[in-house]
Each structure stands twice: as C-alpha cells, then as structure tokens.
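Okay, thanks everyone, I'll keep this short.

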Amino acid sequence: MKRLALLGASGHGKVVADAALASGWDAVEFFDDAWPQCQSNGPWPVSGDSVALLARLGEFQGVIVSIGDCTVRWAKHQTLQTAGAPMATVVHPKAVVSRYAVLGVGTVVMGGTVVNIGAVVGQASIINTGATVDHDCRLGDAVHICPGAHLSGNVQVGNGSWVGVGAAVKQCMILGERVMVGAGAVVVQAVPDGLTVVGNPAAPLPSRKT
Ligand SMILES: CC(C)(COP(=O)(O)OP(=O)(O)OC[C@H]1O[C@@H](n2cnc3c(N)ncnc32)[C@H](O)[C@@H]1OP(=O)(O)O)[C@@H](O)C(=O)NCCC(=O)NCCS
C-alpha cells in the first residue's frame, strides 16, 4: 500500500491529493500547522501538524508539501528533506511530460499540462492545471507556474518565482528569483530578481519599482 503524506490542507492540497490518487498512490493523509483548528480538507481528515508528520515519517512511502506560498513551501520542503522524509513527485496521469524532461523531488504537475523535451524543473515546484513549459526551459526550486500560464522555449525562471494565471512568457526570457508575474501578463523582457510585473507588455507595478 503506497501512502502519501501531504503537508498543507489547502485548496491546492486537495488538487495535489486528487492528482496523487489518480496517479497510483493508494491513500493520502493531510497534515497542517493549523491543526487542531483545521480538521478536514475536502473529503480528507487532517491528522495533525508538521511535528506530528515528522514523528510519523516511517509510515509513508512519499511526502509532499502542498502549500501554495513559494517561500513557505520551500522552507517546509527543506525541513522535511533534512529529516529524511521520502519526498515525492506527483504527476497527474493527464499531464504530458517528455521523457527528456527532468522534475525535481517535491514537484507537482497537474492535469492538462505539457512539459516538453529538455525542460528542467527544480524541487518543490508547481506546474499547475493546463500550464505549459516548453522545450529547454530551466525552472528553479519552489517555482509556481499557475493555471493556464505558458512558458515558450528556453525560458529561465529563478527560485521562488511565480508566473500568474494565464500569463505568457516569450521564448528565451530570463526571470530572476522571487519574481511575480501578474495574472494575464505577457512577458517580453527579462525580469530582475524580486520584481512584480503586470500587463501586456509586462511592466513593473508602479508601487513595486526598485
Ligand atoms: C500582480 C499581483 C501579484 C498584484 O497583487 P497586489 O500587490 O495585491 O496588487 P493590487 O491588487 O493591490 O493591485 C495594484 C494595482 O495593480 C493592478 N493589477 C493587479 N494585478 C494586475 C494584473 N494581473 N494585471 C494588470 N493590472 C493588475 C490593479 O488593478 C491595481 O491598479 P491601480 O493601482 O490602478 O488600482 C496580483 O494582482 C496577481 O495578478 N496575482 C496573480 C494571481 C494568480 O495568478 N493566482 C493563481 C493562483 S493558482
């Protein structure tokens, strides 16, 4: 029996659990630091907090952090990995992932996505529903490509960056670390570390210029 523990009883967590069960895991169990206030997540109970998960690691064949916030997800992922947790990778059966693509541990790839040949995705990243990551893209750790976002070929995305729902990134663009690309943006220029960009063509949010 393959049992997957998920840390993060969120809406995102439900989608990860659903994808895990569709892709061959027999059972999922949620943990969340909001326990005991947080007792359930959709059809699943929440068993305890992250301390409880650390105490029960031996019961699971896989562990994944299902927290949307990239910074928190990365911190929890590292804590679990250091503790020897068997960090898993979840790929929905309706995702198309090239055999020549590489996915880091802790990464989830949702239904309706395409990850093309030569793409490399780091650890604890999210390729969300219907997103595409085209050939030879290089994504760092704790990246989130939101639903319906599209990365053309040879795009680089730094650690902790977020590409918003429905955004598009032109080929060969370099996005730095902790970048936020707003929903629906069209990125046609490099984006430096820490910047939030919105619109078409994407430009910095006035309040966020550094
Ligand atoms: C870009 C973003 C991070 C900005 O969030 P924020 O800092 O809270 O910004 P605000 O909502 O206060 O908006 C600030 C200004 O930017 C504008 N703005 C915000 N997001 C925008 C977007 N995606 N495109 C164009 N303009 C946007 C707002 O209209 C507002 O303009 P104003 O000052 O003229 O009124 C956010 O709006 C966004 O797009 N997040 C992505 C959400 C997403 O993809 N979710 C998927 C979850 S899986």
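So, let's start with Cys 146, which is buried at 5% relative accessible area. Keep in mind that this is a predicted model. What is the closest cysteine sulfur to that of Cys 146? That would be the one in Cys 70, at 7.9 Å, and that's too far for a bond. A disulfide would need the two sulfurs within 2.5 Å.

Next up, Cys 172, which comes out as partly exposed, with 47% relative accessibility. For its sulfur, the closest cysteine sulfur belongs to Cys 137, 9.1 Å away, so again too far for a bond. And if you search the whole structure, you get zero disulfides.

Okay, on to the rings. How many aromatic pairs do we have? The count is two. One is Phe 30 with Trp 44, a tilted pair with 5.8 Å from centre to centre and 50 degrees between the planes. Phe 30 sits in strand β2, residues 27-31, and Trp 44 in strand β4, residues 44-45, so this pair links parts 14 residues apart in sequence. Phe 30 and Trp 44 are both buried.

Then there's Phe 31 with Phe 60: the centres are 5.9 Å apart and the planes are at 90 degrees, so that's edge-to-face. Phe 31 is also in β2, while Phe 60 is in the loop between α2 (50-55) and β5 (62-65), so here the parts tied together are 29 residues apart in sequence. Again, Phe 31 and Phe 60 are both buried.

Key
Residues numbered from 1 in each chain as written. Predicted model: local features only at pLDDT ≥ 70, side-chain atom pairs only at ≥ 80, totals over all residues. Heavy atoms only, no water. Phe/Tyr/Trp six-rings, centres within 6.5 Å; stacked < 30°, edge-to-face > 60°. Helix = DSSP H or I, 4+ residues; strand = E, 2+ residues; numbered from the N terminus. Buried < 20%, exposed > 50% of the residue type's maximum accessible area, 1.4 Å probe, protein only.
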